[in-house]
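Look at the model below. The questions after it go through a few of its parts in turn.

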Amino acid sequence: MRDNILSRLSLGLLFACLCTLFAGCNSGLNQLSEEDRNPYALKAKEMVQDRDFRGAAELYRKALRVNPELANIHLELGLLYDDKLGDPISAIYHYRQYLELKPDSPKRPLVENFIDRAKLNLIAKIPQAPLAEPGDLARIQSEKAALLQENATLQQRVSELEKALAGQPVAAAPQPPAPPPVSTPTEPPVARPTVRTHTVQKSDTLYSLAEKYYGSKSDWAKIYAANRQTMRSPNELKVGQQLVIP
């Protein structure tokens, strides 16, 4: 009788231990986020390790088609477009989606910096046409007048040859009038404004310089446009570099 009671107590304790162990495992599984359990995301991370960035981006997009509210996948996809695929427009879109889904995320300042960097990269990709100087405009106008005169003379010569081949008398070609001289308008000298310069320090960015000189970070493009000849991209500031501040 005693052995029977001890046997039942042992079985009860064993059952209780198994239940506790199962509950702990199940709790650990529940703590995994949906992004961590998403099969597309898991495969995409493997492809990033193998440097197949386009394949990884396609798998991340598939995961978002199933559930577009996976914030961390938006962030991973934004980083791929930004750093590996050179697509700043798509990067900005997915960064903003992340911030909309997680407005209180501690990563918010970092992601906002990513957005600013992507905007700079986008502007750097847009070619800018050089501005013509007044002297260049006068030269272009003179060349245009000379070409028009030469074209009229050639047309007259072709007409004479056609008449000669047809046996018609050829009239003496009138001398074309000389083209009027192209006059360059003279303007009173204008006092040139004093050019401001700034020596780049270690912590300087175009945003901080725009805020310092103009009171607004959004005016950074003025500084970048004035220094395009010495800057390959908006992100490349070198300590000791001289920048023109328009």
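Q: How are helix 5 and helix 6 oriented relative to each other?
A: In this predicted model, the axes of helix 5 (residues 71-84) and helix 6 (residues 88-101) cross at roughly 160° and come within 8 Å. Axes are lines fitted to C-alpha atoms, for helices over the stretch in contact, and angles run from 0 to 180 degrees between N-to-C directions. Angles under 35 degrees count as roughly parallel, over 145 as roughly antiparallel, 65 to 115 as roughly perpendicular and the rest as oblique. Helix 5 and helix 6 are therefore roughly antiparallel.

Q: How do the residues of the contact of helix 5 with helix 6 divide into nonpolar, polar and charged?
A: Contact means heavy atoms within 4.5 Å. Helix 5 contributes residues including Leu75, Gly78 and Asp82, and helix 6 contributes residues including His94, Tyr95 and Leu101. Ala, Val, Leu, Ile, Met, Phe, Trp, Tyr, Cys and Pro count as nonpolar, Asp, Glu, Lys and Arg as charged, and the others, Gly among them, as polar. The residues of this contact come to nine nonpolar, six polar and one charged.

Q: What do the elements of the protein chain come to?
A: Helices (H or I, at least four residues) and strands (E, at least two) are DSSP runs, numbered from the N terminus. Along the protein chain, the elements run α-α-α-α-α-α-α-α-β-α-α-β. The secondary structure comes to 10 helices and two strands.

Q: Is Leu99 buried or exposed?
A: Leu99 lies in helix 6. Buried means under 20% relative accessible area, exposed over 50%, partly exposed in between (1.4 Å probe, protein chains only). Because its relative accessibility is 8%, Leu99 counts as buried.

Q: How far apart in space are Leu99 and Val111, C-alpha to C-alpha?
A: Leaving aside neighbours within four places in sequence, Leu99 is in contact with Arg108, Val111, Glu112 and Ile115. Leu99 and Val111 are 12 residues apart in sequence. From C-alpha to C-alpha, their separation in space is 7.8 Å.

Q: Which residues does Leu122 touch, not counting those up to four places away in sequence?
A: Leu122 is part of helix 7 (residues 108-124). Its relative accessible area is 29%, so Leu122 is partly exposed. With residues up to four places away not counted, Leu122 touches Pro88 and Ile89.

Q: Which backbone nitrogen does the side chain of Asn67 reach?
A: Asn67 sits in the loop between helix 4 (53-66) and helix 5. Asn67 has a relative accessible area of 18% and is therefore buried. At 3.1 Å, its side chain reaches the backbone nitrogen of Glu69.

Q: What is the length of the polar contact that joins the side chains of His198 and Asp204?
A: His198 is in strand 1 (residues 196-199), and with a relative accessible area of 8% it is buried. A polar contact is a pair of N or O atoms within 3.5 Å; within protein, one must be able to donate a hydrogen and the other to accept it, and residues adjacent in sequence count only if both atoms are side-chain atoms. The side chain of His198 also makes a polar contact with the side chain of Tyr213 (2.8 Å). The one with Asp204 is 2.8 Å.

Q: From which number are residues counted along each chain?
A: Local features need pLDDT of at least 70 and side-chain atom pairs count only at pLDDT 80 or more, while totals for chains, interfaces and linings use all residues. Side-chain values use heavy atoms, with hydrogens and water left out, and residues along each chain, as its sequence is written, are numbered from 1.
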